[in-house]
Amino acid sequence: MLTYSEKIKNMIGFILNIPYMLIGLIVGIFSIPSSVEFRKNPYAIVVKIKKFWWVFGYMKNARAMAIGHVVLLSPKIEDRDLEHELVHVQQHQRMPIIQPILYYIELFRKGYRDNKYEDEAYRVAGNIYREK
Ligand SMILES: [Zn+2]
């Protein structure tokens, strides 16, 4: 159970991240959504999409992604991928506004799989990274 102050902190994080959530929803619409679900703890909008037809570079093989508090799940998702994305949502909640900047600094320095945000997400969720 979360304490009252944790709930307030999470809510403030959610509100501060609203701009990213809007981007996430637009990306979700572009990716052909098939269903939407709201979750609490962390607050997340989970959108099942048909295809990440627009992805390139290191994200080319993405099965799912989190943009702020929006989680996008493709039909390719595997076991515990949702939990992995919810760890990224928690990272946004912990570090509102600046999380994407911190993530890209880490990505630039350490690459995809070894950066601390992915490392935490794979470790906590227990899902599996595949190169292809
Ligand atoms: Zn990840």
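Biologist: How many residues lie between E3 and E4 in the hairpin that they form?

Modeller: In this predicted model, strands are DSSP runs of E with at least two residues and helices are runs of H or I with at least four, numbered from the N terminus. In the turn of the hairpin, Gly68 has a positive phi of about 60 degrees. The number of residues between E3 and E4 is two.

Biologist: Before we go on, what should I know about the numbering and the limits used?

Modeller: Residues are numbered from 1 along each chain as its sequence is written, and side-chain values use heavy atoms, leaving out hydrogens and water. As the model is predicted, local features need pLDDT of at least 70 and side-chain atom pairs count only at pLDDT 80 or more, whereas totals for chains, interfaces and linings use all residues.

Biologist: Which residue of E4 is the bridge partner of Ala66?

Modeller: Two strands pair if DSSP finds at least two bridges between them, and E3 and E4, which run antiparallel, are joined by four. Ala66 has as its bridge partner in E4 the residue Val71.

Biologist: Setting aside neighbours within four places in sequence, which residues does Phe52 contact?

Modeller: Contact here means heavy atoms within 4.5 Å. Phe52, which belongs to the largest core, touches Ser31, Ala62, Arg63, Ala64, Met65, Leu72 and Ser74.

Biologist: Which element gives the most to the lining of the largest pocket?

Modeller: On a 1 Å grid over the protein atoms alone, a pocket is an open set of points where a 1.4 Å probe fits, with protein on both sides within 12 Å along at least five of seven lines, and lining residues have an atom within 4 Å of a point. Of the 34 lining residues, Tyr58, Met59, Ala64, Met65 and Tyr103 lie nearest the centre. H2, E3, H3 (81-94), H4 (99-110) and H5 (116-125) each give two or more residues. With six residues, the element that gives the most is H3.

Terms used. A nonpolar core is a set of buried Ala, Val, Leu, Ile, Met, Phe, Trp, Tyr and Cys residues joined through side-chain atoms within 4.5 Å. Buried means under 20% relative accessible area, exposed over 50%, partly exposed in between (1.4 Å probe, protein chains only).
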